[in-house]
Amino acid sequence: MANELPQDMTSREAPAIAWRATVMTLFPEMFPGSLGQSLAGKALEDGIWEIDTVDIREFAEDKHQTVDDTPFGGGAGMVMRADVIDAALQSVSDLEGRSVIYLTPRGQPLDQARVKELASAEGVVLLCGRYEGVDDRVIDAWHMEEISLGDFVLSGGEPAALTLIDACVRLLPGVMGSECSPEEESFEGGLLEYPHFTRPRIWEDREVPEVLLSGHHENVRAWRQAEAEKITAERRPDLWQKYATKDNPSSSKH
Ligand SMILES: C[S@@+](CC[C@H](N)C(=O)[O-])C[C@H]1O[C@@H](n2cnc3c(N)ncnc32)[C@H](O)[C@@H]1O
């Protein structure tokens, strides 16, 4: 069950304690990357959230700073060493109130409900894998949550970390302006979002749906609800089935 976010999403005041992302990576220079721009970048400047990186390589003990080794049992590729990652994690302060997450295709697929919970906590500690991944024992020893971005394989966990942090940061109080309404976005209420239109009213012979020009709020609301249901039923039968089995009277139409 997702924790509720505070009601006032629009206050620009920085919270007493900023939401904090710690990223454990072999490529610390990739951060804040895209998170230094736009909404997330402004919120970073405003002190609403903060980010720090742990360079895993600094915790290697040999003179070559080796962080990986060949897999027991043979096979292709290299595996990141448990002892090096453990030492890197020991260096992280303020773990209390923050989930330690290993980003991996083997994890639970990330969804908006989990994003909301993570945004409501004090922050996250994210372990980015490289090569074939990470020695399983350190995942176990630290009771890491395993999260996937989807059924595809990235070359490293860093783009996944940037994505997870972006999804959380935009939900922090004060990050989105009053013009944005998270309650109406995709996945809220279990549906994908309805279509949007803006000026010009006619573009290349394509007209905006008449109802949106009517000024009749109830009709607009009903049209948007029906469109959201239609799109969800067509594109995401998995979401639609969940929605339809909840107490949603209109859902029988599709
Ligand atoms: C080349 S991948 C390793 C893939 C692994 N051998 C497998 O088959 O599951 C290297 C790293 O990228 C990250 N990664 C790849 N795909 C991901 C996904 N879909 N979601 C989250 N992280 C991913 C993980 O941190 C992983 O350790």
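Trainee: Among contacts in the protein between residues at least 6 apart in sequence, what share joins residues at least 24 apart?

Mentor: That share is 77%. Keep in mind that we're looking at a predicted model.

Trainee: Got it. What makes serine 38 count as exposed?

Mentor: Just count its neighbours. Serine 38 has 11 other C-beta atoms within 10 Å, and a residue is exposed if that count is 12 or fewer, so serine 38 is called exposed. You'll find serine 38 in helix H1.

Trainee: And why is aspartate 205 called exposed?

Mentor: Aspartate 205 has 5 other C-beta atoms within 10 Å. With the cut-off at 12 or fewer, aspartate 205 is therefore exposed. Its place is the loop between S8 and strand S9 (206–207).

Trainee: What is there to notice about phi in those two residues?

Mentor: Phi of serine 38 is positive, near 50°, and aspartate 205 has a positive phi of about 65°. For background, most residues other than glycine have a negative phi.

Trainee: Which peptide bond involving phenylalanine 31 is cis?

Mentor: The one joining phenylalanine 31 to proline 32, where omega is about 0°. Proline 32 sits in the loop between strand S1 (19–25) and helix H1 (38–45). There's also a cis bond from arginine 199 to proline 200, with omega near 5°. Proline 200 belongs to the loop between helix H5 (158–169) and strand S8 (202–203).

Trainee: How do you know that strands S5 and S6 pair?

Mentor: Pairing takes at least two bridges. Strand S5 (residues 98–109) and strand S6 (residues 123–128) are joined by 6 bridges, so they pair, and they run parallel. Valine 100 stands opposite valine 125 in S6.

Trainee: What makes S2 and S7 the edge strands?

Mentor: Start with the open sheet: its 5 strands come in the order S2-S1-S6-S5-S7, with parallel pairing. Strand S2 (49–55) and strand S7 (145–148) each pair on one side only. From one strand to the next, the twist averages 30°.

Trainee: Which strand gives the most to the shell around the ligand?

Mentor: That's S5, with 4 residues. Of the 19 residues around the ligand, those coming nearest are Leu103, Gly129, Leu154, Gly157 and Ala160. The shell divides into 8 nonpolar, 8 polar and 3 charged residues.

Trainee: How far apart are the C-alpha centres of domain 1 and domain 2?

Mentor: They lie 36 Å apart. The domain assignment gives domain 1 as 19–169 and domain 2 as 186–253.

Notes. Residues are numbered from 1 along each chain as its sequence is written. This is a predicted model: local features need pLDDT of at least 70, side-chain atom pairs count only at pLDDT 80 or more; totals for chains, interfaces and linings use all residues. Helices (H or I, at least four residues) and strands (E, at least two) are DSSP runs, numbered from the N terminus. Axes are lines fitted to C-alpha atoms, for helices over the stretch in contact, and angles run from 0 to 180 degrees between N-to-C directions. A residue is near a molecule or strand if its C-beta atom, placed from the backbone, lies within 6 Å of it. Ala, Val, Leu, Ile, Met, Phe, Trp, Tyr, Cys and Pro count as nonpolar, Asp, Glu, Lys and Arg as charged, and the others, Gly among them, as polar. Domain bounds come from an automatic or database domain assignment. Two residues are in contact if their C-beta atoms, placed from the backbone, lie within 7 Å. A residue is buried if 20 or more other C-beta atoms lie within 10 Å of its own, exposed if 12 or fewer, and partly exposed in between; C-beta atoms are placed from the backbone.
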